[in-house]
Amino acid sequence: MAPRKGAVKNLAAGRPPKATRSKKKGVVKNLAAGRPPTATKPKSLARKTTKSIINKLHLLEKRKVQAIKKGDSAQVAAIEAEIEALGGIEKYQEASLQGQRHDRGGDSSSVLMEWVGSYLSSGEYKDGRLRMLEVGALSTKNVCAQSNHFDITRIDLNSQEPGILEQNFMERPFPKDESEKFDIISLSLVLNFVPDHKDRGQMLVRTTQFLTSPKRFSGTTAGFFPSLFLVLPAPCVTNSRYLDEERLTAIMESIGYQVVESKTTQRLVYYLWRRTSDQVGHDKPFKKEEIRSGSARNNFAITLV
């Protein structure tokens, strides 16, 4: 007897005939086997699309700051209209959250936990939950949040426009005493969003005034905290006309930081900087000076004046 058309079709598609004995049972079985219908897969933005959206918004915010400084209200309004046309904060959040997916390189806080997680989970660590200030938080469910090692205060994107995120940190009142300070600050893909090189330097200087004194910790803990977790797009350091790792290290040491850990990937650079003294400010200036030539270089810079 000739096989039914449905059985032939299933055999041609590489599926055993038994899956066709009952439509409903076959569907259930396929779902149970991890083969959901293609139409039900969640939509996601392509990597090029997310990068394009974020870059365009960064550029527009930089132009907006320049227009504000010039007092050009008409230009400010025009730029704000462009930002709104791109989707504004909602589209920025969507693109940024896509970048935190595991198949896109994942959550940057996972790198921090690679460095400090084992020690914090060990019997040697006795200092309790650490106070973290997370600037530019995109998710309340990142690796640090789920580790149960941190009490986290967030300056997040849920209620802030991208262009004023760094201003909220810069205008945040200084802590009144040690009890209001933090053991670690996270600046993950925030510093590169600050339009002006002088303001980037000031943001780094300001972080020290929100960190607890190095005297708070002793032993192995003092080797990690108080500290600044800094994440930047790799080209900011690897392909900048005005900044390389040697110069970044000199700038951070001038502020009172010492590098504890670092990691460079194709897309990002990660650093854990430990605060080494109660110094406030910086002990030497750093101007915007070319240290690499070439037309393919970018203009990312950090200066201290």
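These legends describe close-up views of a predicted model.

View 1. The protein holds 11 helices and 6 strands. It has 305 residues, and buried residues make up 44% of them. Contacts between residues at least 6 apart in sequence are of interest here: 72% of these join residues at least 24 apart.

**View 2. Leu86 belongs to helix 4.** Helix 4 covers residues 73–86, and Leu86 is in it. Ile53 is 33 residues from Leu86 in sequence. In space, the C-alpha atoms of Leu86 and Ile53 are 7.7 Å apart.

**View 3. Gly136 is one of two positions in a UniProt record.** The unreviewed UniProt entry places the feature "binding site" at Gly136 and Asp156. Such annotations may be inferred rather than shown by experiment. Gly136 lies in strand 1, which runs over residues 130–137. Its relative accessible area is 15%. Gly136 therefore counts as buried, the cut-off being under 20%.

**View 4. Helix 6 bends at Trp115.** Helix 6 spans residues 109–121. At Trp115 the helix bends by about 50°. Which residues of helix 6 are buried? They are Ser109, Val111, Leu112, Met113, Trp115, Val116, Gly117, Tyr119 and Leu120.

**View 5. Phe169 and Phe210 form a tilted aromatic pair.** The count of aromatic pairs comes to 8. One of them joins Phe169 and Phe210. Their ring centres are 5.2 Å apart, with 40° between the planes. What does this pair tie together? Phe169 lies in helix 8 (residues 165–170). Phe210 lies in the loop between helix 9 (197–207) and strand 4 (227–233). The pair therefore ties together parts that are 41 residues apart in sequence. Both ends of the pair are buried: Phe169 has a relative accessible area of 0%, and Phe210 has 1%.

**View 6. Ring pairs build a cluster.** Which residues do the ring pairs link? The cluster contains Tyr119, Tyr125, Phe217, Phe224 and Phe225.

**View 7. Arg206 sits over the ring of Phe174.** Here a charge meets a ring. The charged end of Arg206 is 4.2 Å from the centre of the Phe174 ring.

View 8. Cys144 is buried, with a relative accessible area of 2%. Cys236 is buried too, at 8% relative accessibility. Both residues count as buried because their values, 2% and 8%, are under 20%.

**View 9. Ala296 lies in the segment after strand 6.** Strand 6 covers residues 268–275, and Ala296 is placed in the segment that follows. Is Ala296 buried or exposed? Its relative accessible area is 66%, so Ala296 is exposed, the cut-off being over 50%. Along the chain, Ala296 and Arg241 are 55 residues apart. Their C-alpha atoms are separated by 9.0 Å.

Notes:
Residues numbered from 1 in each chain as written. Predicted model: local features only at pLDDT ≥ 70, side-chain atom pairs only at ≥ 80, totals over all residues. Heavy atoms only, no water. Helix = DSSP H or I, 4+ residues; strand = E, 2+ residues; numbered from the N terminus. Buried < 20%, exposed > 50% of the residue type's maximum accessible area, 1.4 Å probe, protein only. Bend = angle between axes of the 7 residues up to and from the residue. Phe/Tyr/Trp six-rings, centres within 6.5 Å; stacked < 30°, edge-to-face > 60°. Lys NZ or Arg CZ within 6 Å of the ring centre and 35° of its normal. Contact = heavy atoms within 4.5 Å.
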